[in-house]
Amino acid sequence: MDNFIFKLPTKIVFGKGEFEKLGEEAKQIGKKALIVTGKHFAKSSGLLDKAQKMLKENGVEFAEFSEIEPNPESDTVDKGGELARKENVDFIVAIGGGSVIDASKGIATVTVTKHPVWDYCERPPKANVPDNALPILAVITVAATGSEADAGEVITNSKTRSKRSLWGENLFPKTSIVDPLLTLSMSKKQTIDGVIDMIIHILESYLSSHALSPISDRVSESLIKEAMKQGEIVINDLQNIDARESLSWISTLALSGFPTAGRRGPMPMHTLEHPISGLYKISHGRGLTALLPSFLYHTKEMHSDRLKLLGKSIYSTDSPTKTIERLVHWMKKVDAFTTLKELGIRKESIEKFTSMAIEDANANGIVQAREPLTKEKIMQIYETACNYKDLFRKA
């Protein structure tokens with residue numbers, strides 16, 4: 001096992017109906033909040049009104065910033081920081097999906113430093129995340145990104161469309177409310193995109209690490225298997241709260257550091273996906289869905305032993321090829337299988353994607369994986385993902 005420090009400073013308030021505790025949790029964090037939401041859902045669903053009511057009842061003042069877009073943009077984050085400074089808030093209440101929580105982490109940073117958020121996304125960064133970033137109370141409304149229990153965020157540059165992640169230990173939410181009832185309004189497409197996202201969060205380290213870590217392996221295999229099972233249930237019954245409850249917990253665990261303890265490894269699929277959703281403004285989960293089969297196919301040899309292990313645990317096969325095919329079969333079964341072409345992505349963009357991914361990786365012309373991904377290998381992955389043709393016809 002790799003040596004590790006496991007630290008999850010976030011207080012998780014989990015369960016059906018726990019959104020009702022927002023006010024009492026908020027008053028333990030600060031006196032005036034900036035409520036950060038997306039442009040539509042929090043308002044149309046009534047969550048924003050309910051949150052404001054609970055804050056008032058608990059003596060917490062607030063200002064509102066409801067401008068976060070999917071794949072949150074640097075200009076929007078900087079604008080939120082300006083408002084937070086003007087309103088003199090001392091914490092943030094983030095209500096929404098991963099984009100809202102990621103943006104809130106950026107706002108929490110730039111509010112106190114007055115630096116543009118992209119300074120923290122440069123390779124290497126121009127500034128470090130401060131120790132006194134504003135605390136965050138997160139209310140997650142989707143099961144997908146795991147941003148409610150990690151210290152990272154992903155921001156899109158409003159001008160260049162580059163999409164980069166940044167990390168700072170002080171960006172763990174102070175408290176996260178994970179209420180599965182809030183995920184009931186997720187569409188079928190949003191739901192399965194979220195399931196793929198959480199699976200890949202677990203799968204990437206599982207595949208890319210060289211460490212011997214059987215405990216983390218068993219945890220990861222179980223979470224992946226259960227995500228697939230519960231995802232299939234909820235796709236056939238979108239109001240199944242028991243399945244949504246399970247998916248909410250898997251999503252939270254996926255990036256908490258618990259499944260990967262003792263097993264460090266890069267996240268190459270995320271690095272390859274960021275240029276796609278950055279340039280084309282599609283769902284991050286949908287971009288990952290299109291890339292996953294191609295990535296596994298083109299890296300089958302380097303991941304052979306890990307795919308055998310995964311196959312034995314989930315599919316009772318030690319064949320890497322059959323493991324990939326059965327995963328693709330499940331993706332087709334839950335209507336997740338897609339191609340970059342079907343997402344409206346032009347093949348001419350492949351070279352741009354490749355250069356952006358390599359620039360993001362900042363690793364001397366390659367993207368880190370279990371073995372380095374060269375420019376040629378990266379382009380192959382993108383090219384195959386454009387149109388799978390007969391590659392998985394039997395799956």
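Which strands does helix H5 (residues 98–113) lie across, and at about what angle does helix H5 run to E4? In this predicted model, helix H5 lies across E2, E3, E4 and E5, and its direction makes an angle of about 165 degrees with that of E4. Helix H3 (residues 47–57) is placed across strand E2 (32–38), E3 and E4, and runs at about 160 degrees to E3.

**The parallel sheet**

The strands named above belong to an open sheet of six strands, paired in parallel and ordered E1-E8-E5-E4-E2-E3. Strand E1 (11–14) and strand E3 (61–68) form the edges, each of them pairing on one side only, and from one strand to the next the twist averages 15 degrees. Strands of a sheet are held to one another through backbone hydrogen bonds, in either a parallel or an antiparallel arrangement.

Within this sheet, E4 pairs in the parallel sense with E2 over five bridges, and strand E4 (residues 91–96) also pairs in the parallel sense with strand E5 (residues 136–140), again over five bridges. Ala33 stands opposite Phe91 in E4, while Ile95 has Val139 of E5 opposite. E4 is largely enclosed by the rest of the structure, because six of its six residues are buried.

**The E6–E7 hairpin**

Strand E6 (residues 152–156) is joined to strand E7 (residues 163–167) by five bridges, and these two strands run antiparallel. Together E6 and E7 make a hairpin with six residues between them, and Arg161 in the turn has a positive phi of about 70 degrees. Val154 stands opposite Ser165 in E7. E6 is mostly covered, with five of its five residues buried; Gly152, Val154 and Thr156 lie on one side, Glu153 and Ile155 on the other.

**Cavities and pockets**

| Space | Volume | Lining by class |
|---|---|---|
| Largest cavity | About 80 Å³ | 11 nonpolar, one polar and no charged residues |
| Second largest pocket | About 220 Å³ | seven nonpolar, two polar and four charged residues |

The largest cavity is lined by residues including Ile199, Leu203, Ile224, Met228, Leu296, Leu307, Tyr315 and Thr323. Helix H6 (188–208), helix H7 (214–236), H11 and H12 each supply at least two residues of this lining. As for the second largest pocket, 13 residues line it, and those closest to its centre are Pro9, Glu169, Asn170, Phe172 and Lys174.

**Thr317 between H11 and H12**

Thr317 sits in the loop between helix H11 (304–314) and helix H12 (320–333). Is Thr317 buried or exposed? Its relative accessibility is 9%, and Thr317 therefore counts as buried, the cut-off for burial being under 20%. Leaving aside residues up to four places away in sequence, Thr317 touches Lys308, Gly311, Lys312, Lys322, Thr323 and Arg326. Among these contacts of Thr317 is Thr323, a residue that also lines the largest cavity.

How values were computed: Residues are numbered from 1 along each chain as its sequence is written. This is a predicted model: local features need pLDDT of at least 70, side-chain atom pairs count only at pLDDT 80 or more; totals for chains, interfaces and linings use all residues. Side-chain values use heavy atoms; hydrogens and water are left out. Helices (H or I, at least four residues) and strands (E, at least two) are DSSP runs, numbered from the N terminus. Buried means under 20% relative accessible area, exposed over 50%, partly exposed in between (1.4 Å probe, protein chains only). Contact means heavy atoms within 4.5 Å. Two strands pair if DSSP finds at least two bridges between them. Axes are lines fitted to C-alpha atoms, for helices over the stretch in contact, and angles run from 0 to 180 degrees between N-to-C directions. On a 1 Å grid over the protein atoms alone, a cavity is a set of points where a 1.4 Å probe fits but cannot get out, and a pocket is an open set with protein on both sides within 12 Å along at least five of seven lines; lining residues have an atom within 4 Å of a point. Grid points are joined across faces, edges and corners, and a volume is the space filled by probe spheres set on the points. Ala, Val, Leu, Ile, Met, Phe, Trp, Tyr, Cys and Pro count as nonpolar, Asp, Glu, Lys and Arg as charged, and the others, Gly among them, as polar.
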